[in-house]
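Let's take a walk through this structure together, going from the way its chains are arranged down to individual side chains. Have the view ready to rotate as you read.

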Protein chains: 2
Amino acid sequence: MNYKRVYSILNKDLKIIENELERVLESGSPILQESSLHYLQAGGKRIRPILVILSAKFGDYTIDTVKDVAVALELIHMASLIHDDVIDDAYTRRGRPTVKAKWDNKISMYTGDFILARALEIITSVEDIIAHQVLSHTMVELSIGEIEQIRDKYNFNQSMTNYFRRIKRKTALLIAASCRLGAIAANVPEDLQKKLYQFGYYAGMAFQITDDILDFTSTAEKLGKPVGEDLLQGNITLPVLFAMKEPALKKKITKVHETMDLSELQNIIELIKSTDAIQKSIKICNMYLDKAYVILNTLPENETKKMLDTMLKFIGKRKF
Amino acid sequence: MNYKRVYSILNKDLKIIENELERVLESGSPILQESSLHYLQAGGKRIRPILVILSAKFGDYTIDTVKDVAVALELIHMASLIHDDVIDDAYTRRGRPTVKAKWDNKISMYTGDFILARALEIITSVEDIIAHQVLSHTMVELSIGEIEQIRDKYNFNQSMTNYFRRIKRKTALLIAASCRLGAIAANVPEDLQKKLYQFGYYAGMAFQITDDILDFTSTAEKLGKPVGEDLLQGNITLPVLFAMKEPALKKKITKVHETMDLSELQNIIELIKSTDAIQKSIKICNMYLDKAYVILNTLPENETKKMLDTMLKFIGKRKF
């Protein structure tokens with residue numbers, strides 16, 4: 001099965017979710033409407049809604065039962081992306097100050113707050129208290145992850161543990177929560193809920209590591225941002241941590257700063273790619289994928305399991 | 001009864017809440033710890049926790065039953081103040097750009113996000129779904145209120161309706177929610193819950209109008225910020241709306257901008273104070289206080305009612 005087949009099988013339900021996303025962002029405030037729809041219409045892979053749906057399919061699935069959860073999880077993800085962008089955009093773009101009216105940034109911050117609040121409002125339809133505990137805990141961890149990312153910026157001496165803890169908080173937990181909450185909404189038995197959560201966690205780790213590898217190996221066109229942007233912004237990811245094991249290269253990498261010459265950055269990116277850093281990162285990514293497969297294999301045999309398997313392959317095998 | 005007497009009667013419980021506020025802001029992240037405690041230790045009147053407690057006292061009150069609600073409501077208020085400050089501080093202070101490292105602002109934004117997430121985590125201990133619906137709805141309105149405040153800045157042609165809707169969203173609803181959620185946590189009968197909510201709403205409106213009057217009539221020392229700061233920032237409040245009914249003064253007021261000469265601003269403030277704008281604003285404030293009193297009078301006679309009465313006087317009669 002190909003991932004496009006999954007999107008096609010779920011197409012009808014995903015459309016309902018898409019319409020619902022648009023509907024709930026109506027606020028009666030034209031500015032807010034515009035800014036939140038702007039983010040919505042930027043699209044996305046809708047990984048979280050898909051995992052909500054697939055997890056729910058192990059229980060009493062109907063789109064009506066899970067759509068609120070799917071919508072809320074996608075909104076929380078969206079809100080976190082918006083806050084992620086707010087201040088980076090406000091101050092510099094490629095090391096130079098941007099001319100951006102402050103209204104825009106204020107509006108972005110509050111658009112994030114609004115979308116988050118809307119997500120919380122929608123998720124109140126889920127009565128199980130565990131769902132709310134999992135979600136709010138995830139949001140706490142997410143915000144700590146953001147703070148850690150700021151703290152760890154341009155910190156070239158951070159450990160791999162730092163990195164893994166950060167991506168867990170920033171990415172993996174919300175994907176895990178998507179699986180768990182989908183399962184809760186559809187009354188999936190608790191042991192299976194927990195397995196799906198674990199599956200989501202490993203899949204989420206693999207997802208983020210893949211993203212971090214793609215920052216080096218993909219093209220600006222596919223990424224929608226320049227290659228090496230993460231490094232330039234001081235986000236020290238797994239390939240960089242591996243590359244820095246070579247002292248000579250580490251010395252070069254530690255000179256990376258926001259206003260550096262871009263051809264110099266290009267040179268460093270090539271040097272990183274010429275080491276085994278990418279291969280080693282892929283290996284770690286595969287390790288997480290394997291862990292997800294181990295859990296997948298314990299799930300009941302059905303069509304949904306095949307779709308989860310496909311999504312996992314999609315997550316892990318995006319073009320490096 | 002004096003408001004200090006209320007603080008003194010509730011002292012033991014307020015201390016428990018204070019300790020709890022400090023405890024829940026522990027995150028294991030030193031930066032986050034520091035930034036969130038910074039806001040906590042800045043103090044505050046703790047109006048929301050007090051209203052949570054007093055409302056709960058109409059039901060099965062114990063501090064253990066309501067402390068999570070009181071803590072969560074104060075945290076949500078705190079998070080909203082932080083986001084309120086983030087970008088204003090970042091760009092200008094008294095019309096001049098501030099030199100503030102961007103890390104600080106990012107950290108402020110995420111400190112707000114963290115505190116909010118923590119509040120949500122804590123409030124999951126309340127099982128009644130209505131509590132979550134009221135709260136999340138309040139948060140949606142709060143964020144719309146923030147956006148409206150941005151939109152309405154320096155808009156000298158806005159209506160009084162705009163102003164009232166904005167302060168409802170920005171202030172009154174969260175105070176109303178404090179009353180309702182305190183009541184819910186202590187199993188107060190539903191009709192009484194609704195009365196307390198309404199009481200909180202009117203008290204909250206009076207509270208904000210008072211704040212907006214004090215911006216003109218108080219001193220920099222008492223305010224902790226310069227007199228007329230709201231106007232300088234373009235926040236058109238009730239006294240300004242009344243003052244602009246005089247065409248000649250309106251002409252002067254509409255010239256207010258962020259980088260204006262401060263002696264000129266001082267002159268405009270004096271002109272506003274020389275009109276009946278302050279008196280008219282006080283009258284509206286009293287109208288809201290009266291509405292709160294009408295509800296208060298329908299509540300069961302007890303010590304708590306006297307304390308609510310005192311708090312209402314405190315809210316409405318702060319020194320103009």
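What follows looks at the pairing of the chains, then at a helix packing, and lastly at salt bridges.

Please keep in mind that this is a predicted model. Two copies of a chain are related by a rotation about an axis and a shift along it. Here, chain A is superposed on chain B by a rotation of 180° with 0.0 Å of shift along the axis, and the RMSD is 0.0 Å. That is the relation of a two-fold axis.

Now turn to where the two chains touch. Chain A brings 44 residues to the contact, and chain B brings 44 residues as well. Of the interface residues of chain A, 100% are also interface residues in chain B, so the copies meet through the same surface. The size of an interface is often given as the accessible area lost when the parts come together. Between chain A and chain B about 4,500 Å² is buried, and carbon and sulfur atoms give 71% of that area.

Next, look inside chain A. Two packed helices are described by the angle between their axes and the distance between the axes. The axes of helix H4 (residues 47-56) and helix H8 (residues 160-185) of chain A come within 7 Å of each other and cross at roughly 35°. The crossing of H4(A) and H8(A) is right-handed. On the H4(A) side, the contact is formed by Arg48(A), Leu51(A), Val52(A), Ser55(A) and Ala56(A). H8(A) answers with Leu174(A), Ile175(A), Ser178(A), Cys179(A), Gly182(A) and Ala183(A). By type, the residues of this contact are seven nonpolar, three polar and one charged.

How many salt bridges lie between chain A and chain B? The count there is zero, while the structure over all chains holds 35 salt bridges. For one example, go to chain B, where the side chains of Glu18(B) and Arg46(B) form a salt bridge at 2.7 Å, N to O. This pair links distant parts of the chain, 28 residues apart. Glu18(B) sits in helix H2 (residues 11-24), and Arg46(B) is in the loop between helix H3 (30-41) and helix H4 (47-56) of chain B.

Notes:
Residues are numbered from 1 along each chain as its sequence is written. Chains are lettered from A and ligands numbered from 1 in the order in which they are written. This is a predicted model: local features need pLDDT of at least 70, side-chain atom pairs count only at pLDDT 80 or more; totals for chains, interfaces and linings use all residues. Side-chain values use heavy atoms; hydrogens and water are left out. Axes are lines fitted to C-alpha atoms, for helices over the stretch in contact, and angles run from 0 to 180 degrees between N-to-C directions. Helices (H or I, at least four residues) and strands (E, at least two) are DSSP runs, numbered from the N terminus. A crossing is left-handed if the near helix is turned anticlockwise from the far one by less than a right angle, and right-handed if clockwise. Contact means heavy atoms within 4.5 Å. Ala, Val, Leu, Ile, Met, Phe, Trp, Tyr, Cys and Pro count as nonpolar, Asp, Glu, Lys and Arg as charged, and the others, Gly among them, as polar. Copies are superposed by least squares on the C-alpha atoms of residues with pLDDT of at least 70 in both. Buried area is the accessible area (1.4 Å probe) that two parts lose on being put together, summed over both. A salt bridge is a side-chain nitrogen of Lys or Arg within 4 Å of a carboxyl oxygen of Asp or Glu.
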